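Take the stops in order.

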Amino acid sequence: MTKAVLGIIGGSGIYDLPGLENARDEMATSPWGAPSAPLRHGTIAGLPVVFLTRHDKGHRLSPSDINYRANIDVLKRAGVTDLISLSACGSFKEELRPGTFVLVDQFVDRTFRRESSFFGKGCVAHVSMAHPVSPRLPLHLAAAAEAEGIPFARGGTYVCIEGPQFSTLAESLTYKGQGYSVIGMTNMPEAKLAREAEICYASVAMVTDFDCWHPDHDAVTVSDIIRVLSANAEKASHLVARLARDFPREHELCPIGSDRALDSALITAPEARDGELLKKLDAVAGRVLRK
Ligand SMILES: CSC[C@H]1O[C@H](OP(=O)(O)O)[C@H](O)[C@@H]1O
Ligand SMILES: Nc1ncnc2[nH]cnc12
């Protein structure tokens, strides 16, 4: 049995986690570089919770400048078993209005200038991303949203663009035409790296705008988004409090094996492995490398 440790990554507008008890900050270090911010450790109703603000206080980091590998690595070192992303997003569907929390279950990765794997030369691994979200987490999130009276939608596809610019009208119409639900700039490669680190991952995509495809809404601006963000952040803190209160204290084995993703992913022969890379992989892949 493994004790559950809930990780929360706060996105735009979420720079702290109100309700975290016995909170203390730790400037965690990683062989992958500097994480976005200190980790904030605490408890909610007795459950250990670790919070990381993705863009740092003051929104210092743009989506392309976030060190996603360091963030996931320090959360793994902190013992996080289950990780929830709280993210602002634009919507491609009339019914997913600003204020709606979309419990996305698929991602499309359109980023192109980010490190997207812990593995590489000297230790190659291929994990499955067919089902990027660990299915138990959205069930817990849905129950918490229902209990808190937060409007939410089950399932949806989040397309992750490089940014920092918002999309052109042609891009926005293309994504909408593809049937995607929401758009953001941060959930990839975060979800891929969480999978490589065997951390169960889910994302709450909190709608702030209709991007630029909607005939009745102007092209999105940061000031429009900020107006919706603070209400979303307030609801997100209630969601997390309820989620943590009702969260299982023992980590539930993931039915699709997200927490054992490396069992059949490593392909580099032991004699061909690079010692320096193996050292950096001590937290992420220690479970399988120490075998
Ligand atoms: C301030 S709007 C654009 C910004 O917000 C989202 O970030 P996050 O996912 O961290 O909430 C989006 O991905 C962009 O980075
Ligand atoms: N329309 C949008 N496009 C990309 N990222 C976003 N974050 C919030 N709204 C967004």
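The tour visits two ligands, then two annotated residues.

This is a predicted model: local features need pLDDT of at least 70 and side-chain atom pairs pLDDT 80 or more, while totals for chains, interfaces and linings use all residues. Residues count from 1 along each chain as its sequence is written, with chains lettered from A and ligands numbered from 1 in written order.

**Ligand 2.** Select the residues around ligand 2 (C-beta, placed from the backbone, within 6 Å). Among them are Phe 166, Asp 209, Asp 211 and Val 220. Now colour the strands (DSSP E runs of at least two residues; helices are H or I runs of at least four; both numbered from the N terminus). S5 (82-91), S10 (182-184) and S11 (200-209) each give at least two shell residues. S5 gives the largest share, three.

**Ligand 1.** Move to ligand 1, which 13 residues surround. The closest are Gly 11, Ser 12, Ser 87, Gly 184 and Met 185. S5 and helix H5 (222-246) each supply at least two residues of this shell.

**Annotated site.** An unreviewed UniProt entry lists Ser 12, Arg 54, His 55, Ser 87, Ala 88 and Thr 186 as "binding site"; such annotations may be inferred rather than shown by experiment. They span 175 residues of sequence, yet the largest C-alpha distance is 12.1 Å.

Select His 55, in the loop between strand S4 (47-53) and helix H1 (68-77). Its contacts (C-beta atoms, placed from the backbone, within 7 Å) beyond four places in sequence are Ser 12, Ser 36, Arg 60 and Leu 61.

Finish at Ala 88, in strand S5. Beyond four places in sequence, Ala 88 touches residues including Ser 12, Gly 184 and Thr 208.

Note on methods: Two residues are in contact if their C-beta atoms, placed from the backbone, lie within 7 Å.
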